[in-house]
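User: I would like the terms used for this model set against their cut-offs. Please take them one at a time.

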Amino acid sequence: MADSKMADAAATPVLTVQDLEAWYGESHILHGINFNVNTGEVVTLLGRNGAGKTTTLKSVMGIIGKRTGSIRFGDQDITRTSSDKIARMGVAFCPEERGIFASLDVRENLLLPPVVCPGGLSLDQIFDLFPNLKERLDSQGTKLSGGEQQMLAIARILRTGARFLMLDEPTEGLAPVIIQQIGHTIARLKKEGFTILLVEQNFRFAATVADRYYIVEHGKVIDGFANSDLQANMDKLHTYLGV
Amino acid sequence: MQALYAQLLVGLINGSFYALLSLGLAVIFGMLNIINFAHGAVYMMGAFCAYFLLNVMGIGYWPALIIAPIAVGIFGMILERTMLQWLAGLDHLYGLLLTFGMALIIQGIFQNYFGSSGLPYAIPDELRGGMNLGFMFLPIYRGWVVVFSLIVCIATWYLIEKTRLGANLRAATENPTLVRAFGINVPRMITLTYGLGVGLAALAGVLSAPINQVRPLMGADLIIVVFAVVVIGGMGSIMGSIITGFALGVIEGLTKYFYPEASNTVVFVLMVLVLLVKPTGLTGRATT
């Protein structure tokens, strides 16, 4: 399938997801998700609204109650692991709704996720990436603009030392100039060796940062291709995404 | 005038207990989403714990002030681990029924062994006697209760609003799933929070022992008023419950002086008025 087509003998998988199924209460959302992410890659899950992209990220993070199949992080099986333990292994999650806490100021929001591994960015490095945050440290978290909230949501997981980041639609609802800034940030993180799993609707943005793509539809991964094959797959992509 | 000041002092004392108890209720409600009806029972257990420490083990007031809240807090954490944690995500009604049932059982056990009359607990030697303030006579122990309660309340407020631990707590109140996904052990934090709330109630129980005697139903009588205080202050607001606790104690005291017939109902009349004007309570935020 998609996996074998893109198999790269030299690459070491950070994340391997096989036959993942997941449920929200009674509704069966994921019907067999298969994909992998190798060290240092930016992999993007594309798909329409409701296809199961966010549920896939949440399942990997351990915050979907019922899940079956296999999720491996490095050489450990994390299918049944609780989310706090998964985070402590070095997985960081930036949710679609950003999850900025209203009862915490910007500084408290930034310092909330505990450091889980050595080697995270220092506050100075973070302010270098996102100068706006430094000016707003004492503001209430939710008083920031949408773009600043997104920066804060990314910034706070960079401090923790996690080397595998999952970003759920980081560009949603943001102005082009901010999207560009987030694109630069992702490119820079990739250069520094972070591994990133991205969920995007905006594949024009994804094309600027991703190494590989998987297409998610009706709770399944139905296709996958490398960035170099993007042009060749453009027609297919338009059909999949309905754009 | 003397009588007015005396009632004001009684009001402040009651206010201290209201504040300590409603503070614990607010902390527990914020984190566990449970209205802890067992709060009066653990307050009573704090007082009994001090009584046992003194009469069985010969341990006096000062160590009891530390030991009783910790012991009762641990008891609370066991209740949370074994029973309350299974209520997460269910309707408030389940938590209310469970904690109300626990309160009845605990109070019933104590009543079975100790009856309903009060057991005496002496004021510690260091705090005996009183001071003449010129305009009134102040029993030292009562002054101590007010000042010490105020310090504990402010310390708790500081812990929750100004420290790193408190930031974790506030964040987990808003979005426990995400906080856990950052690597914080939220279930353990919930257990400790329940222990803290219960410990504060037990501390109030120890403070109250020399004033109100130690009775199995001492908490049941008090807790109804405390719930009115929490409703007026707004569930989930720390500073709100402290200020409302003290303020309502004072208002109750003043009513005893100016119109004694209404002293038992004034808190509830205020509750109705506040609910009519601001259903979330004076400092409460609307919850979703």
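Analyst: The radius of gyration is taken over C-alpha atoms, and the globule rule is 2.2 Å times the number of residues to the power 0.38. This is a predicted model, in which local features need pLDDT of at least 70 and side-chain atom pairs count only at pLDDT 80 or more, while totals for chains, interfaces and linings use all residues. Residues are numbered from 1 along each chain as its sequence is written, and chains are lettered from A and ligands numbered from 1 in the order in which they are written.

User: What makes chain B agree with a compact globule?

Analyst: For 288 residues the rule gives a radius of gyration near 19 Å, and chain B has 19 Å, so the two agree. Along the principal axes, the C-alpha atoms of chain B fill a box of roughly 60 × 50 × 35 Å.

User: Why is helix 1 of chain B called largely enclosed?

Analyst: A residue is buried if 20 or more other C-beta atoms lie within 10 Å of its own, exposed if 12 or fewer, and partly exposed in between, with C-beta atoms placed from the backbone. In helix 1 of chain B, 23 of the 31 residues are buried, so the rest of the structure largely encloses it. Over the 288 residues of chain B, 49% count as buried.

User: Which elements give two or more residues to the side of chain B that touches chain A, and what counts as contact?

Analyst: Two residues are in contact if their C-beta atoms, placed from the backbone, lie within 7 Å. By that criterion, 16 residues of chain B are in contact with 19 residues of chain A. Helix 6 (164–174) and helix 7 (176–181) of chain B each give two or more residues, and helix 6 of chain B has the largest share, six residues.

User: Why are strand 2 and strand 5 of chain A placed at the edges of the sheet?

Analyst: Two strands pair if DSSP finds at least two bridges between them. Four strands of chain A form an open antiparallel sheet in the order 2-1-4-5. Strand 2 (27–38) and strand 5 (76–77) of chain A each have a single partner strand, so one side of each is left without a neighbour in the sheet.
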